[in-house]
Amino acid sequence: MSPLVTAACCCRPRCPPSPPPSSRASSLQRKELTLQDLPEDLFLDVLSRVPKLDLIHNCRLVCKRWRYLVDLPVVWKRKCEQLGFRLEQLEGSLPDWRAFFFSLSARNLLRNVCGRAGLRYWELRSADWMADWMPEDMPRGFKRHFPKIFRTKRKSPLPDTVWTCFVPTWHQNGGLRFFVKKAQRVTLKDKGIPNWVMDEMKPQITVKDWYFNVDNSHYQLTVKLLSADCQVLQDYCKMFEVRERVPTVEEWREVSYIFDNYPSGVRYIDFEHRVGWRSAVKVTNSSIAVDLV
């Protein structure tokens, strides 16, 4: 072979050696693997780590097999295990794990929050026997009183399902300035939330309330996290004063607060409305939610 040919062969780039047929076939198989090829138990474990709303609104609609797997109790049972629930304590009383899992979040722990059941479940703490609370129906056509607001927004700030509220009543024309109170105590254990969940997981506690602004009125919301012996571990207290009335539907306003990083030992939650003397404040749609999911 001539020196020129030898030099040309040396300068030519060398191609990598071709893989044996068996390795080529295995690489093609690895590329074609999908979730459908996973063993069922492993696939169920993957589904149990998907957020609950994605499971219901997306995964469940993929095909019949996915819908069958998402509906299996084992998926929701494993999601409860991931939250740290001690399943041996719950096994006998929970036939529907999915219903139990969804009940752990977005569940209002307060009862009779709009006054549809009168004053039931609420403890009246009046500073004077001449003051009281009463439920009141909202006029179903109240939106017509504010055409300018609804021409642009076409929506009430209150939820559509809320048509009743609580109002304080006053039965004397004069007297000292005082407050009338209405409260409800939530026992977490009675709501299905074990003590160890509050001590070890310490889930967020979200408090919400709606109040109606009226001129020269005073409204105060107080929420307390209490221990087993009713000692205050953490609280939220805020006073709202309205000096001038602006007649719009937006007088209904929402108050919200989130408890986190609270001490261990929370066993009760106290929720209290406090309204100033001769105030015409209205309150409705109160809520306490312990977000475990």
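Let's start with Ile205 and the residues around it. Setting aside its neighbours within four places in sequence, Ile205 is in contact with Met198, Leu225, Tyr257, Ile258, Phe259, Tyr262, Ile269, Ile288, Ala289 and Val290. Please keep in mind that this is a predicted model.

Where does Ile205 belong? The largest nonpolar core has 44 residues, and Ile205, together with Leu188 and Ile288, touches the most other members. Strand S5, residues 204–212, supplies the largest share of this core, with five residues. There is also another core lying apart from that one; it has 16 residues, and Leu44, Leu55, Val70 and Cys80 are among them.

Leu44 takes us to helix H3, which runs over residues 40–47. Which residues of helix H3 are buried? They are Phe43, Leu44 and Leu47. If you look down the axis of H3, these buried residues fall within an arc of 100°, so they line one face of the helix.

Now for the rings. How many aromatic pairs are there? The count comes to six. One of them is formed by Phe43 and Trp66, edge-to-face, at 5.2 Å centre to centre with 70° between the planes. This pair links distant parts of the chain: Phe43 is in helix H3 and Trp66 in helix H5, 23 residues apart. Phe43 and Trp66 are both buried.

Trp122 and Phe166 make another edge-to-face pair, with 5.8 Å from centre to centre and 70° between the planes. Trp122 lies in the loop between helix H7 (97–103) and strand S1 (123–126), while Phe166 is in strand S3 (residues 164–170), so this pair ties together parts that are 44 residues apart in sequence. Are these two buried or exposed? Trp122 is buried, and Phe166 is too. Ring pairs also bring in Phe271, linking Trp122, Phe166 and Phe271 into a cluster.

Let me finish with a lysine that you can look for on the screen. Which rings does the charged end of Lys182 sit over? One is the ring of Phe166, with the charged end 4.1 Å from its centre. The other ring I'd point out is that of Trp133, where the charged end of Lys182 is 5.2 Å from the centre.

Note on methods: Residues are numbered from 1 along each chain as its sequence is written. This is a predicted model: local features need pLDDT of at least 70, side-chain atom pairs count only at pLDDT 80 or more; totals for chains, interfaces and linings use all residues. Side-chain values use heavy atoms; hydrogens and water are left out. Buried means under 20% relative accessible area, exposed over 50%, partly exposed in between (1.4 Å probe, protein chains only). Helices (H or I, at least four residues) and strands (E, at least two) are DSSP runs, numbered from the N terminus. The arc is that of the directions from the helix axis to the C-beta atoms. Rings of Phe, Tyr and Trp (its six-membered ring) pair if their centres lie within 6.5 Å; planes under 30 degrees apart count as stacked, over 60 as edge-to-face and the rest as tilted. A charge sits over a ring if NZ of Lys or CZ of Arg is within 6 Å of the ring centre and within 35 degrees of the ring normal. A nonpolar core is a set of buried Ala, Val, Leu, Ile, Met, Phe, Trp, Tyr and Cys residues joined through side-chain atoms within 4.5 Å. Contact means heavy atoms within 4.5 Å.
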